[in-house]
Amino acid sequence: MTTVTTQIKLTPEHGARPGVSMRSRLQDALPKIVLAPSFAITIVFVYGFILWTVYLSFTNSKTFPSYALTGPRAYQRLWRWTFESDPPSSWYTSIINMGIFGFLYIFICLALGLFLAILLDQKIRGEGVLRPIYLYPMALSFIVTGVAWKWFLDPGLGLEQTLHQWGWTSFHFDWIKNKDFVIYTVVIAGVWQASGFIMAMFLAGLRGIDGEIMKAAQIDGATTFQLYRRIVIPLLRPVFLSAFIVLAHLAIKSYDLVVALTSGGPGGSAWLPSNFMYEYTFKRNEMAVGSASAVIMLMTITAIIVPYLYSELREKPR
């Protein structure tokens, strides 16, 4: 009986090369290694503190955190301040102001942004100059915007005083000092800053519409009004939705604009929920109430963003 021994020679194609394998594994792991610190910081300092705020809202925390759970007492206080307080509480004022500011801010920015985008889409002269002028306010911080408009709207310093010096002594514009109208000055400053950005979003959407569709509609006899009402605006639906999400997010978290422009208004009449949260957390030593208001703001933003993400990420029916 003969034994045959077959010797297999390992070649580079069939053999193992530990150096190359290790190098490839390091190359695959390098992006994860680079992103790991940022990911860990985000987990801790964003989502970790969100959970911490939710926890504090169910405690009796005052100046310093308290770790003993006391149930939804802070939410019950906010509920009473919303529906059962007489005279109206500062939380109720903040909610009403949020409704006024949010509605006017979003509606006017959308309408004005669309109007400006349609004008610039006509290939007018000087478009390259007008576009950065409209966009410039968005490059400013809310603090700068608030201070600038505070000077402009101050009756003893800005528009009213200037017109009085020009001889129009009957002109009065004291909204920034009037507790019933001060929230509308916040709307004016906010619209001035954000409408140019919304204009840029709509202009990009308009430039992305197929020109053949427009020409076909014009050949069929569609007027300019019908063209925009039945073709252009429906095609801009994704832009409308994106702009609404951006504006709603900016409106809910607005804080510095109110502080810089009105310092909260006479008697806190210009407060938004963010101003209420800061005041009760850091000045009135009601950390649990401030945390509860912050959670309500978070849930409001979530209620707006989640449906948008669902509509964007869901599978399109085939």
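Student: Which residues have the most contacts inside the largest nonpolar core?

Tutor: The structure is a predicted model. Its largest nonpolar core has 49 residues. Those with the most contacts inside this core are Phe101, Tyr105, Ile198, Phe202, Leu236 and Leu247.

Student: Which helix gives the most to this core?

Tutor: At least two residues of the core come from each of α3, α5, α7, α8 (211–219), α9 (224–235), α10 (237–252) and α11. With 13 residues, the helix that gives the most is α7.

Student: Which residues is isoleucine 198 in contact with, leaving aside its neighbours within four places in sequence?

Tutor: Ile198 is listed with the residues that have the most contacts inside the largest core. Once neighbours within four places in sequence are left aside, the contacts of isoleucine 198 are Cys109, Leu110, Gly113, Ala243 and Leu247.

Student: How many residues are in the second, separate core?

Tutor: Isoleucine 198, which is in contact with Leu247 among others, is one of the residues named for the largest core. The second core is separate and includes Trp81, Trp271, Ala288 and Val289. Its residue count is 10.

Student: How far apart are the end C-alpha atoms of helix α5?

Tutor: Helix α5 runs over residues 142–153 and has 12 residues. The expected span is 1.5 Å times one less than the number of residues, so α5 should span 16 Å. The model agrees with this expectation, as the separation of the end C-alpha atoms is 16 Å.

Student: Within what arc do the buried residues of α5 fall, seen down its axis?

Tutor: An α-helix has 3.6 residues a turn, so residues three or four places apart point the same way. In α5, the buried residues are Phe142, Thr145, Gly146, Trp149 and Leu153. They line one face of the helix because, in a view down the axis, they fall within an arc of 95°.

Student: Which helices do the buried residues of α5 pack against?

Tutor: Phe142 and Trp149 are among the buried residues of α5. The packing partners of these buried residues are α7 and α11 (256–262).

Student: How many salt bridges does a search of the whole structure find?

Tutor: A pair qualifies when a side-chain nitrogen of Lys or Arg lies within 4 Å of a carboxyl oxygen of Asp or Glu. Over the whole structure, the number of salt bridges found is 5.

Student: How many residues apart are glutamate 286 and lysine 62?

Tutor: These two residues form a salt bridge, with their closest N and O atoms 3.3 Å apart. Glutamate 286 is in the loop between α12 (273–283) and α13 (287–313), whereas lysine 62 is in the loop between α1 (18–56) and α2 (73–83). The pair thus links distant parts of the chain, and the sequence separation is 224 residues.

Student: Is glutamate 286 buried or exposed?

Tutor: A residue counts as buried under 20% relative accessible area. The value for glutamate 286 is 15%, so this residue is buried.

Student: Which residues are linked with Glu286 in a network of salt bridges?

Tutor: Glutamate 286 also forms a salt bridge with arginine 77, where the closest N and O atoms are 3.2 Å apart. Arginine 77 lies in helix α2, 209 residues from glutamate 286. Together with Glu286, the network links Lys62 and Arg77.

Student: Which helix holds arginine 207, the partner of aspartate 121?

Tutor: Aspartate 121 forms a salt bridge with arginine 207, with the closest N and O atoms 2.8 Å apart. The two are 86 residues apart, aspartate 121 being in the loop between α3 (90–120) and α4 (127–135). Arginine 207 belongs to helix α7.

Student: Which residues does asparagine 275 touch, not counting residues up to four places away in sequence?

Tutor: Asparagine 275 is in helix α12. At 5% relative accessibility, asparagine 275 is buried. Apart from residues up to four places away in sequence, asparagine 275 touches Ser254, Tyr255, Val258 and Val259.

Student: How far apart in space are serine 274 and valine 144, C-alpha to C-alpha?

Tutor: Serine 274 lies in helix α12 and is buried, at 4% relative accessibility. In sequence, serine 274 and valine 144 are 130 residues apart. In space, their C-alpha to C-alpha distance is 19 Å.

Student: How much of the span of residues 95–310 is helix?

Tutor: The unreviewed UniProt entry annotates residues 95–310 as "domain: ABC transmembrane type-1". The end C-alpha atoms of this span lie 27 Å apart.

Notes
Residues numbered from 1 in each chain as written. Predicted model: local features only at pLDDT ≥ 70, side-chain atom pairs only at ≥ 80, totals over all residues. Heavy atoms only, no water. Helix = DSSP H or I, 4+ residues; strand = E, 2+ residues; numbered from the N terminus. Buried < 20%, exposed > 50% of the residue type's maximum accessible area, 1.4 Å probe, protein only. Arc of directions from axis to C-beta. Contact = heavy atoms within 4.5 Å. UniProt positions renumbered as here; feature names shortened; annotations may be inferred. Core = buried A, V, L, I, M, F, W, Y, C linked by side-chain atoms within 4.5 Å.
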